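Please look over the chain shown here before reading the notes on its sheet, backbone, charged pairs and nonpolar cores.

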Amino acid sequence: MPAKIALLRANGLAAKPLVVMASPPTITMNATPNANSSVVQANYDSKYTATDPLFTYVGGVVATQASSGPPGAFWARGAGSNYGTGNGYQGTGAVYFQTSDADVDLSFVAQNNIQCAYRISIDLLDGNGLRATALQPRTDIQALADFSGHRVKIANGSVAPRRYRVEFENFLYFAGVDVAGTITKYDPAGPKILVIGDSHVAGTGASSNLLGMAQRLKEALGVHNVLAQGQGGTGYLTTSIAGTETMRARIPNEITPRAPDLIIDLAAFNDQTPTPAALQAEVTAHLNAIAVALPGTPYIKVASPRRGISTGAGFTPTQARADAVKAAVQADSRYGRLVFFVDSWAADWEHGTGRVGATTGDGNADTWVGTDNVHRTDTGHNGWQMQMGPAIRSALGIPEAPAISIPATNLKAVYSTTRLSTWTGSCIRVQRASDSAQMDVGFAGNIVDRAAADSFAAGSALTIAKVYDQSGNGLDLVQTTDANRPIFSPLNEWAGIRPITFDTWPQSAVAKWLDTPVLAGLNRQAISVYMMMVDHCPNQQNLIWEGFSDTGFATSNSFLLGSGGGLGANFGSLIFNTYFPRSHLQTITTVCGGSNVRARFDGVERTFATGAISSSAIQGMRFGKSSLNNQYNSQNDVFCIAIYAQADAAAANLVVENALNASFNPDRAGNTTWTYRLVEDGNSLMSGVGAASLQSAGWQGGFGRGPQGDVRAWEYYNMGLPGQTLATADTNRARVLGLFDATKSKNVIHIIDPTNDIGVITYTSTADAQTGNAISAQNLYNNYFLPYVQAAQAAGFTKIVTSTVLSRTNFGVGTGNFRGDCRNYYNSLLIAGAAANGYVVADVGAISQLQNTADLTYFLSDGIHLTTAGYALVEAVRKPLEIA
């Protein structure tokens, strides 16, 4: 396989729509010159100028150049072509950097009053990537004279590490950044994709070039580095605007220097004068020149838009010329290996005879084609990128998630955010928080339509009121109480598929769950339940499902299966702490038959003899909440539930499990051979209690998130257990150390801190807290932590990481209970002993924002657990040490 094809397949190019920030910072144009730095302010001056190596430019080669303004001032702009006086530059650019400052000033240079919009996206380091502020329109800058300075203040309101992407249109040049503190390098990495063509590639017709079909491929393919090289009026043989060049002539200056990993060609719309034979010959010559200039680079030719009649030129793209281009591509010797053709005409991406202002009602051209009958509207550009994404993945051999295809015999119910192959109805019904309005959400292809849901949400949170049964039996899951509905959030997506999220922490006052209606035909001795899910906290009991032998869901008749820490059947009689599922998307299968309960975690079989299981009927089922004990509520992302009225054998289990993996987790084969393993032992702060949408520190760091995470090579076990102490963890360390895997080149363990040990002791003095008490800092370190370290080393772990103890409410220093003195002394011992004892310390206890436990930005009201923002700060310190 060619190396660059392998690179693109490994990346996956999974769609990642850009989500607008729910609470964006305040952005002020032409704000008062920044007082954050010592730089003497002028319009162009910045503490960090455009030439600073701490900036990462993507979207092509972005050249800095001296301005015509004050001496020593520089700016940067996107790479493209300067051609023809007045036609100018048709490439957009983007710059990336990171800073923790609350306020950030950007400096721009506006060359003229067109094509000078910009957009700021911010990554809060919460594992969810960049979120966008509103596109800042051209009208903000059009009043500025050519080459005038333009300053923008971003006021975030708090100090926290953030990553920034600033995208700017053709004639808006980036000049630098001012902050009170410092900026650091942020390189988003990933494959480099060059899109070349005419004004469609440039984004003409869209309200901003940043919304053009080529630029929006960043969303369709989930990548950062997309360079849109658009020359209006050009083609393979056509240059209808003075100074423009044909496609082959553009190779030396626009393609070769960029060294892309993939070239996408959208040309030929303007080639309506040459004969089909001449056009075919030139496309052949162009491809041959590409093969010489960039051997080994994949090339995808996408058939250009076919709708549009130019009033001035009087042409319509013809089938004969489209066929000539296709024939040239398919005749290339590299076709099917490095050269590919996407036939947008045959697929009928764009159809109808209308346009905006002259609609005919016979196709999408009514909204896709602009009033000039040539260029695409915002809707049209977006429609093209949505079509191109799947087509490009298909050409490169990257499979789209197929519909679910599972055996139909005795299939009782199916609830899934990927479509069952026989189902034609809706997926879920959502309710938005802003006004309690509800809407049914269907599928986009085979995947729940996230875009439709987010458009309906309009920035508000969504919960799930109903999940439709796709088996056709009408057994829909429902929740009629607003507060008890599971959530539907982009924060929990896996490779672009959004789950049903049960985010109920142990002992939460408000649980989230869904109930079935009465289920006739199920009994306790013959039922198989298949779930595709992420178990965020596998070290604590986590409800998988509950069955009831009465229609009233009475607690006394409950039948429960729990995942974390093992499995409990006929709850109260047996709990098995023998197996821990990894914190990844996986199949969890439970089968009840006769006197045995069988459980399969990602295909690994566990059989538990339970004694006689009652044969009474199961009248109803519940997912998400335990009716028996709120310690066992769910912290799961559920993607699919399939219920069979039969006790399937292992071979039948495998059939269904393989089908679910094919639809939800196509790279599972790679994930079963992870290169590294990370095991994080801990307490409720490790499991992430308090984080919205289950956004624990590890999840925010990308662990367990599969192809959309930047640590996809790491197999991940989050062993956080609420209430666990260091002493207890050391006593029970064997079950955690048993997760060592000799087949991994790295085995990293994170050892728990003693916050819960300290939190229940009332020390009598500073000395008692430091060294005197049985639970003093010295004894915690010597008697529990160091033995755990030594045992981990003996087990074979290649790296041992631990964290300092965070501040906590009611941790008195020098007075009261003296718990703060114990914490401080333990932290000092931990840091001092690291090198000598072979472990490394993530000093999260020193994070400045986490000193004030009353700060509700980072702490819950209990002053112990963290918010999502607090966990993000912890992970920013911890993750680099774990994976280094």
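The report below goes through these topics in turn.

## Basis

The coordinates are a predicted model.

## The parallel sheet

Five strands make up an open sheet, arranged in the order E40-E39-E41-E42-E43 with parallel pairing. Strand E40 (714–720) and strand E43 (840–842) are the edge strands; each has a single partner strand, so one side of each is left without a neighbour in the sheet. From one strand to the next, the twist averages 20°.

Within this sheet, strand E41 (residues 746–751) and strand E42 (residues 799–803) run parallel and are joined by four bridges. Histidine 750 has valine 801 in E42 as its bridge partner. Helix H18 (residues 777–795) packs on the sheet and touches strand E39 (676–682), E41 and E42. The direction of helix H18 makes about 170° with that of E41.

Alanine 189 is not a glycine, yet its phi is positive, near 60°. Alanine 189 sits in the loop between strand E14 (183–184) and strand E15 (192–197). Its relative accessible area is 45%, so alanine 189 counts as partly exposed.

Leucine 694 is also not a glycine and has a positive phi of about 60°. The residue lies in the loop that runs between helix H12 (684–687) and helix H13 (697–700). Is leucine 694 buried or exposed? Leucine 694 is buried, because its relative accessibility of 1% falls under the 20% limit.

## Salt bridges

Side chains of opposite charge can pair when their charged atoms come close. The model contains 29 salt bridges. One of them joins lysine 4 to aspartate 261, with the closest N and O atoms 4.0 Å apart. This pair links distant parts of the chain, 257 residues apart: lysine 4 is in helix H1 (residues 3–11), and aspartate 261 is in the loop between helix H4 (251–255) and strand E17 (262–265). Lysine 4 is partly exposed, at a relative accessible area of 23%, whereas aspartate 261 is buried, at 15%.

Arginine 216 and glutamate 219 form another salt bridge, and their closest N and O atoms are 3.3 Å apart. Arginine 216 and glutamate 219 are both buried. Aspartate 515 pairs with arginine 622 in a salt bridge whose closest N and O atoms are 2.7 Å apart. Here too the pair links distant parts of the chain, with aspartate 515 in strand E28 (residues 514–515) and arginine 622 in strand E37 (residues 620–623), 107 residues apart. Both aspartate 515 and arginine 622 are buried. Arg119, Arg165, Glu167 and Lys218 are linked in a network of salt bridges.

## Nonpolar cores

In soluble globular proteins, nonpolar side chains tend to be buried together. The largest nonpolar core in this model has 63 residues. Which residues have the most contacts inside this core? They are Ile406, Met621 and Ile643.

Leaving aside neighbours within four places in sequence, isoleucine 643 is in contact with residues including Leu411, Tyr415, Leu522, Ile527, Val529, Met621 and Phe623. Its contacts also include Asn410, Lys412 and Ser528.

Definitions and conventions
Residues are numbered from 1 along each chain as its sequence is written. This is a predicted model: local features need pLDDT of at least 70, side-chain atom pairs count only at pLDDT 80 or more; totals for chains, interfaces and linings use all residues. Side-chain values use heavy atoms; hydrogens and water are left out. Two strands pair if DSSP finds at least two bridges between them. Helices (H or I, at least four residues) and strands (E, at least two) are DSSP runs, numbered from the N terminus. Axes are lines fitted to C-alpha atoms, for helices over the stretch in contact, and angles run from 0 to 180 degrees between N-to-C directions. Contact means heavy atoms within 4.5 Å. Buried means under 20% relative accessible area, exposed over 50%, partly exposed in between (1.4 Å probe, protein chains only). A salt bridge is a side-chain nitrogen of Lys or Arg within 4 Å of a carboxyl oxygen of Asp or Glu. A nonpolar core is a set of buried Ala, Val, Leu, Ile, Met, Phe, Trp, Tyr and Cys residues joined through side-chain atoms within 4.5 Å.
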